Amino acid sequence: MSSFVGVLVSDQWLQSQFTQVELRSLKSKFISMKNQNGKVTVGDLPSLLAKLKRFSGIFDEEEIRQGLGQSYSDMNDEIDFEGFLRSYLDLQSRANTKLGDPKHSSSFLKATTTTLLHTISDPEKSSYVAHINSYLRDDPFLKQFLPIDPSSNALFDLAKDGVLLCKLINVAVPGTIDDRAINTKKVLNPWERNENHTLCLNSAKAIGCTVVNIGTQDLVEGRPHLVLGLISQIIKIQLLADLNLRKTPQLVELVEDNNDVEELMGLAPEKVLLKWMNFHLKKAGYKKTVTNFSSDVKDGEAYAYLLNVLAPEHCSPATLDTKDPTERANLVLEHAEKMDCKRYISPKDIVEGSANLNLAFVAQIFHQRNGLSTDSKKISFAEMMTDDELMSREERCFRLWINSLGSVSYVNNLFEDVRNGWVLLEVLDKVSPGSVNWKQATKPPIKMPFRKVENCNQVVRIGKQLKLSLVNVAGNDFVQGNKKLILAFLWQLMRFNMLQLLKKLRSRFQGKEVTDADILNWANRKVKSSGRKSHMESFKDKSLSNGLFFLELLSAVEPRVVNWNLVTKGESDEEKKLNATYIISVARKLGCSIFLLPEDIIEVNQKMILTLTASVMYWSLQQPVEDSESSAAPSPATISRGASPEPSVDEAQSPASIGISDAAASPITNGSASPALATTPGLTHVLPVDGTLFPATEASCEASPEPSISGDDDGSIVSEISHMTIDDTVSDTAISAQADDPPSDTATSAPPPVKEETQPQNE
């Protein structure tokens, strides 16, 4: 593997926006522009940027010059490489807005968390404040602080405690966070505040937000551009949640041919919204095609036609007759208000082409009245096309995992988005830096099918180099969208990533390889050392379904994180779900970035159980107070931190009788026993949200199964990777390109950032 360390940029966020391939290519072009004095000026940029393939035909030099003039007052000013990169990103954003580029249609999920000049849009802030005031006005805790004044900075001040953001996530995707795990009181200490923000960021990742450039300290400080960017993502996820066939099967009416349904399923939510809008505009007799939520809707005509066909009872001829765009926009909004649409936008926002606010406005119209038929035949066909629950859960996990890696591409539909091979190459480049030959890769959009096959063939070659089991698998299998193969391959890739991360922890075990048995034994020792009697026989132990073992484990690694007053006995299905939901939120609150669902704990999904346990173990090992891994006896540090252990729930006690000794912890705050800050070792050493764990190994008959895409003995393969011993008798049924058996459950998590090593790619 190459020893090349890549192009380094001092701004970590800026570095994360480019692959090493792009950085090296742009660096070489930047250097080539230097004049005799070795300098590059702002005025030199238009000629270069206009020639780049990314912008060729979209902007001419004069348009680029005008855009740069908004950020730089003097074209003769010297500009460094980082300034050049920022200008490139700004131009790229404007190009995406202008074209409605499908490959960047979800750019708000990748870029809006940081703005180029750290400025914020007042109209967007006002719109999001109105949304928060509307949806959270009845919240038992937040109603005392609402409504928020959009003209002040009250939004950012209120976000500093983390409660607002956690509640907003639950509005967007109900049930993501257990309210009992949120620290809620008027004045939080630093430890409690940090817990809330850690819970918020890990949960935001779990619903599809991109938070690679946000830390808990950013939220504690209430940095406006970051807070607003995160809120923007959360709200958009809420507004676009129903734009898929699973939630709205009536969308099948948008396609004329049944063969196009799969294509519809693969579209990003914004693209589905545009398709829906154009479907109705065509019926209304509108001659143009709307391709974006900015320039194409500035004049308000498209909105007038859309609302006239959806709500003819409120139609007004004056809307189309008026020549003034601002007046027309005002009439459009009056029409929408009669349909009970929430007002996310002002006439000025429409005329100026605010992409985010126009998107929110159209989404609101869709929610209020989508105008689609209820043809039972078409709907039943659409329901047949959607995946079964297990496959959907797996697709969700892998999609979230890939998006958490910080790659350039954002995955909306796993099975469709990986078919051209580019996304898989980006994942491989993150998991094994330097493994991808970018000179032999073709970047989307790809019109020639054989180019997609070439990309996927390279994916298979690299997979074999990493000792993944890919017998009888060809690149065309990915291009054809073989769902079982895709899931099995990604699980192997994720597992490889897990092993690489675990190898970095070997120093904790005196160089000994970490196995599933080590993780299992560590968890049991940890629980036993806290004075508990629970025991996990294996990662498929059915007794784990009540959740009590994991609550005791979490309490053992951080005694104050679990409020035992909220824990049930886990005897009924309802009690099990309450415990499982609480476990996930408490683990995220602690610092574990996990994507499992409560059902995975209740059903004892073996791989997910392993991942949850290993994530807690990884977090624990990062703490300054190191626990003894060689002895089951509690160390003095463990005893001091876990003094006065909470009584076990499984000893026939009612939840109401279970509590934490006042001598052991400070007062409880709605779902979390709040520690005194002075007694919390390593407060500043909380694991960063992006340093996620994906450990998974195999060592015994209780180990997590090793998924494969062939019938090979994977024990020898993994042995070559990490010298681990594997009992192949418990391996999953081998999955080949022609397999019929469903793939195993997936586990997900985000790896720590890695330094990329890549080869240059032609621009």
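Colleague: What's the relative accessible area of K160?

Modeller: K160 comes in at 29%, so it counts as partly exposed. The cut-offs are under 20% for buried and over 50% for exposed, with partly exposed in between (1.4 Å probe, protein chains only).

Colleague: OK, and what am I looking at here, in terms of numbering and confidence?

Modeller: This is a predicted model: local features need pLDDT of at least 70, side-chain atom pairs count only at pLDDT 80 or more, and totals for chains, interfaces and linings use all residues. Residues are numbered from 1 along each chain as its sequence is written, and side-chain values use heavy atoms, with hydrogens and water left out.

Colleague: Back to K160, then. Which residue does it form a salt bridge with?

Modeller: D157, with the closest N and O atoms 3.5 Å apart. A salt bridge here is a side-chain nitrogen of Lys or Arg within 4 Å of a carboxyl oxygen of Asp or Glu. D157 is partly exposed too, at 46% relative accessibility.

Colleague: How many salt bridges does that rule give?

Modeller: The count comes to 18. One of them pairs D178 with R180 at 2.6 Å between the closest N and O atoms. D178 is buried at 8%, and R180 is buried at 17%. Another joins D218 and R223 at 2.7 Å, N to O. There D218 is buried at 14%, while R223 is partly exposed at 29%.

Colleague: Which residues get joined into a network by shared partners?

Modeller: D139, K167 and D179 are linked into one network that way.

Colleague: Switching to the fold. How many helices and strands are there?

Modeller: 33 helices and 2 strands in the protein chain. Both are DSSP runs numbered from the N terminus: H or I with at least four residues for helices, E with at least two for strands.

Colleague: And what share of the residues is buried?

Modeller: 58% of the 763. Of the contacts with a separation of 6 or more, 71% are between residues 24 or more positions apart. Contact means heavy atoms within 4.5 Å.

Colleague: Which residues have the most contacts inside the largest nonpolar core?

Modeller: L230, L273, W276 and M277, in a core of 127 residues. Such a core is a set of buried Ala, Val, Leu, Ile, Met, Phe, Trp, Tyr and Cys residues joined through side-chain atoms within 4.5 Å. Leaving out residues up to four places away in sequence, M277 touches V290, V297, A302, Y303, L306 and V362. There's also a second, separate core of 42 residues, including I402, L405, V427 and L470.

Colleague: What about F84, buried or exposed?

Modeller: Buried, because its relative accessible area is 0%. F84 lies in helix α5, residues 81–99. Beyond its neighbours within four places, F84 contacts L26, F30, L45, L48, L49 and I79. The C-alpha atoms of F84 and K27 are 9.4 Å apart, though 57 residues separate the two along the chain.
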